[in-house]
Amino acid sequence: MNVREGVASSRRLRMRRGAAVGVSVGLVAVPLVVAVLGPFLPYDARPGLPYSSEGVLGTDGLGRDVLGLLLVGGRSALGMAIGAVVLAYVVGGLIGLTAASTRHRWLDEGMMRPLDVLLPLPSLLVISVVAVGWRASALAITVAVAMVNVPTVARLVRAAALDAASGPVVEALRMQRESWLTIQLGYVGRSVLGPVAADLGTRITLAVFLVASVNFLGLGLSPTAPDWAVSVSRNREGLLLQPWSVLAPALLLVSFTLGFNLLADRLVHRSRRLVESAR
Amino acid sequence: MRSYAAQRAGLAIVQLAVLSVLVFVLTSLLPGDAADLRFTETLTPSQVAALRAELGLDQPPVERFVHWLGNVVTGDLGTSLISGGPVADIVRNSIGATLVLTLATLAIVVPLAVALGIVMGTRENGRVDRTITSITLALSAIPDFVIAVVLVAVFSLKLGWLPATWIGGNLLSSPALLILPIAVLFGRTVCLLSRQVRAGTVAALNAEYVTQARRLGVPRRQLLLRHVLPNAAVPGVQELARTGDTLLGGVLVVEAIFAIPGFATALVDGVETRDIPTVQGLTLVLAIAALLINLAADLVCNRLVPRTEALR
């Protein structure tokens, strides 16, 4: 391949990458916008007969307007998952960073070993028990999903931080007598962001799945809640009568997770390239 | 090697001890017990109290834990508060369907995922690789229950080819019962696993010892099977242990949708009726299974690629 061809093909590659990122951002944005702005839209949801084709997307098994449900059902479906991941990162990230940066071996071991023990607990099991125990409180489910994710997040952050902290940059900063806090936040914390961003995409997908599965099983939110996963579960017998009552909430959920998966995949590639070029 | 195995087994024993406490604490935290859930409408408060004493629900938690653990160690998982039969029977009756479902899924998933992973890894960024990667990426973003709902609608309700539930069915006389549940479980696991095998293959192919082996003229087939595959398998085996978790979540959903009388169904029933001994027994069995899978995965990885340093 000569130079000109190389430049042309790398430009094409970049354009294709740009398009892929655009598509993934779009896939994430649509359900997110529906979830955030939906409840504020002045949509007049009129009840009708079960599984009729009245309204834009018809009605569900209880005769409620499907579009009206969609607009208010995203908040719980996505909100609980995003909240759980944020919480998992706050707790797990702190543990991981502290364990990686401490000079006391006992502190590192004391924080990480108990998490190793928690790893094999089946996650959906923990969440189901908590969801039923606290009478389907959204907060309890969110906290349970977060707790299930803490061990893996802490491990990931610790490994990434150790990787950064053992490099020559930190050595140089230390020789310049930069303070411990400046080094940790300014350099180590920032270099952890790459792997974290890549992990975030798959973790949010998993959290959406967990929350949705608990709700789908009927162990989470009330069976009449407008939540997207609950809608899929409740209307599944009516899929052939009024397909949109199942497909519309399912598509919004899938669009969100698919978009995040694609973004994560991009980020994994990029952070790997960054690592390789830095070598 | 031996010391790694011993150390890892030691960790597993500690894990087991902590897990048994956790299982007990978590299930004891469930607000409301079987006594007030079942009988509040028909019994007076004093009768409820008597019942609670009979079931041992009025004792302090620590005492109940010691009592429970003592029984568990001797193989007695306790008595169900709802059916009155031993919990061990519930475990025995429900584990069959779940095991068949899980093992059949794994028997299909593992060879396929390894094959796909190697095909992708050896053609890194080629057209075949990109196509399979996109498909697996897209498939792994669809929740199990969405796949299940759509498959049931199309193949059972619309076309009538496959049974939609296990109610009234018998696995031995109609193995077709397994097709839809396995199809649901299969999608995500194959995607997650094959991507890890792909990553492992790519990393191994780029390693210096493979370049050196190539230089020495090792035939391609031998190179792949003897040098690349064992190293490529490590992330795959670790992912397989984690897949156990995904698979279990999937099994819960699949059993609920297809009304399969398995482990997950028994568990969900137990949680809903506050049948604490049953929930504890089932959870403990599951946690031990997960623990053993993790232990096995770590030992296999260590055998495939022995590392000089032991744990961490």
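What share of the contacts in chain A with a separation of 6 or more comes from residues 24 or more positions apart? Select chain A of this predicted model and keep that in mind: the share is 70%, where contact means heavy atoms within 4.5 Å.

Before moving on, note that residues are numbered from 1 along each chain as its sequence is written, with chains lettered from A and ligands numbered from 1 in the order in which they are written. Local features need pLDDT of at least 70 and side-chain atom pairs pLDDT 80 or more, while totals for chains, interfaces and linings use all residues; side-chain values use heavy atoms, without hydrogens and water.

Now switch to a cartoon view of chain A. You will find nine helices and zero strands (DSSP runs, H or I of at least four residues for helices, E of at least two for strands, numbered from the N terminus). Of its 279 residues, 47% are buried, meaning under 20% relative accessible area with a 1.4 Å probe, protein chains only.

Next, select residues 263-272 (α11) and 276-304 (α12) of chain B. Their axes, lines fitted to C-alpha atoms over the stretch in contact, come within 9 Å and cross at roughly 140°. Angles here run from 0 to 180 degrees between N-to-C directions.

Conventions. Buried < 20%, exposed > 50% of the residue type's maximum accessible area, 1.4 Å probe, protein only.
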